[in-house]
Amino acid sequence: MWATVIGFSIVVVETALAADLPVIHRMLPGALCPGKVTEVTVRGEHLSEVTRVWTSFACKCEVLSTEENGKTIQCRMTVPRDQQVGIGAIRVATKNGVSGARLVMLDDMASLTEAENNHSLETAQEIKLPVVIDGTTDPRRSDFFKMNVTAGDRLSAEIVADRLGSRLDSVLRLLNSDGEELAFSDDRPGVLADSRWSYEFGETGVVYIELRDVRHEGSVDHYYRLRLGDFPLLAVAFPLGGAAGSITTFTLAGPYTGPLAPVTLLLPDDGHPRKIPLSTSYRSADGSGFVNVRVASGPESVEVEPNDQQQSATPITVPCAINGRFEQPGDTDYFKFTAAKGARLVFTGHTRTLGAPSDLYLRLLNQEGTQLVEVEDAGRNEGVVDYTFADEGDYFLAVEDLLHEASPTHVYRIEVEPFRPRFELSVEPETLNVPHGGTFVSQVVVTRSEYTGPIELSVEGAGSDLKLSGHTIASDAKTAALKVTLPERIQPGELQIVRIVGTAQINDKTVVSQASTLSALRKMMRKYPFPPAVLDGQIALAVGPRFPPFFEISIQSGAAYFGQRVGRSTFKVLLNRLDEQFTDSVAVSIEGLPEGITAEVEPIEKGKSETTVTQNGPENLEAGVHQIRVIATGTFENQTKTVVLDEVPLYIIEPLRVTLKPKGPLQPGGNQRVTVCIQRFGEEKHPVRVSWKQAPPEILVPLEIMIPPDKSEIDIELAATSGAVPQTSAELVVEATTMVKDEEVTVESAPVTLTIAREEASPAAEEEGGSG
């Protein structure tokens, strides 16, 4: 049996880009017509600098114009004639990224936009059949449409809204000229919360269509396509599927099929079991109805009536796909097969994913009719039986509808195959917007079925030069953080449709599984339990602008120093966080140190702004200056950035350093403070004696200052004589002396310029001068 899976998530680098990502609100008309050219308006946000309009179906798209405010684009879209009517998706890519998928229709009926004021019988929008109306509902209001009909006419009415991801839960009514109800529909099986009915008119005259939300809600997100005309309303095909590469004939069932003939179709053979759209119409129809069928490998079987008793069971040979229908309430279909001793078979039901309302209840019986196992479908699971047969012999599969319901649409498909150890992958979301040259991290989840070994992950569809890490799911592990860095060649505005694929060696065979995106699609499409199969596994990967810098570094004092005689020194690396949201730690390393010197450095901790680099080396290094590199690496929103300070000077000096920092200019006859800073190297801390080596006579300085062992700086006060010449400067130099390893060490500071400022006039003097 399948193992229980834990939750999954994907971390996508979108935060820095999200403000400018394109968004699609609506496309008008809401459908494209196979075999025709359609000019459409796409409305949304941030639709400037469009680089591509992508569709899930074959289509040539030309962007004709873009409004300056980025709210709309005009496109000319051409869909080949052989495309099936049904549901597809579009995306818009710009230089900033790509939009989420927006569901649209492929429809062979002409479209009309809803009128603005059509909320009563008196103001109903007049229409001519056949037509499809693109509209939205307003809160606490109905939309009304008025038309003329002739006795004997057949009218099919269908809402396509929930199937397009709309929030609308529709109610659809047909009214006569007096406002009396002729037909009504709320939800219909197989079309989610969409409404539809078919009605034959007995009289000629005026009729009305009323459309509203069942909760009386309305907004731009409550959009719909109202299809009106003479066309089949289909729910399912029978059989529900066929063998890949085979020519299969399907009959259609639904609320109204009319004079619809069976459809014969050559099924694709691309090696991937999946569902595909199928559309058809009758000769006089105004448009097509559409369903989905499943394509899989292996032989096909169809039930043969009567098979409602074990004695009259339809014989099958496993593995195969069983196709059946519940024709009478309480119907039970029996299928007889032979299983070898120890054989393990998996029976997988397919109903609601293909539009059928059947709720499967499956039982396995032995020849005596003793029940071996029973399973009913639950949630999105449509019924799975996994059973190992203890003895060789004949066995029976009993298939029922759990609610004992029956109708032409209560069909089912059960695929029977030998059990094989395997795994399934899932990932979300289905849209990735990544900076130029940037990185995304995807948390991939594996569901294992009796395979515990490693799985290698890869990304297909974006070239072979992606840089992957974390691409091995370890034995027994249920998750892996797949980190993917894009090459610089993929430029901003480019859109790639990629897939994450897992590969494993199971029983000496290579097993490949594509990661599913169904969970992400269901979230995007709100209440859509079974999104269009063509989108499953596809990940839209778009490249936007380069990720902005989020930190910078510097060296305190602008240089590093190493003290002779002590063999040890420190300096600080300072961090400036350019984005307040970036609080994580930053790794720091040092390169290019002179031979014999090593560096110890800890990362700059989360939320901190500095770290100390400790250098160790020989005590007898020659004095001089070298160039080193300081490298800092941080990660923010999965984007790893490295900042390098090149040619940072490293001075090999005596184990004492002294500098002067004037507080400001000095005025004639005035005072000013100067800070004396010292840097001791090594473990010893002794007093430092500071004396003046250079100072002009008009500046009065203390003869000597003593800095205690526990201090590294001190402020002293300088005074200027009244004879000091304004707007001149003077150079100051001090000597500092201390003891290091019982030896006296004396160093001098670099010259510092002190400015003699012009004496400022007092306010009284300025006032007196101004009155003259």
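**Exercise 1. Find what share of the chain's contacts with a separation of 6 or more comes from residues 24 or more positions apart.**

Step 1. A contact means heavy atoms within 4.5 Å.
Step 2. Of the contacts in the chain with a separation of 6 or more, 67% join residues 24 or more positions apart.

The model is predicted: local features need pLDDT of at least 70, side-chain atom pairs count only at pLDDT 80 or more, and totals for chains, interfaces and linings use all residues. Residues are numbered from 1 along each chain as its sequence is written, and side-chain values use heavy atoms, with hydrogens and water left out.

**Exercise 2. Describe the secondary structure and the overall dimensions of the chain.**

Step 1. Helices (H or I, at least four residues) and strands (E, at least two) are DSSP runs, numbered from the N terminus. The chain has two helices and 63 strands.
Step 2. The radius of gyration is taken over C-alpha atoms, and the globule rule is 2.2 Å times the number of residues to the power 0.38. For 772 residues the rule gives 28 Å, but the radius of gyration of the chain is 39 Å, well over that value, so the chain is more spread out than a compact globule.
Step 3. The C-alpha trace spans about 120 × 85 × 40 Å along its principal axes.

**Exercise 3. State how much of the chain is buried, then decide whether S301 and V566 are buried or exposed.**

Step 1. Buried means under 20% relative accessible area, exposed over 50%, and partly exposed in between (1.4 Å probe, protein chains only). Of the 772 residues, 49% count as buried.
Step 2. S301 belongs to strand β27 (residues 300-302). Its relative accessibility is 15%, so S301 counts as buried. Beyond its neighbours within four places in sequence, S301 contacts I316, C320, A321, I322 and N323.
Step 3. V566 sits in the loop between β48 (560-563) and β49 (568-577). With a relative accessible area of 16%, V566 is buried too. Neighbours within four places aside, the contacts of V566 are E619, P655, F681, G682, V740 and K741.
Step 4. V566 and N616 are 50 residues apart along the chain, and their C-alpha atoms are separated by 9.1 Å.
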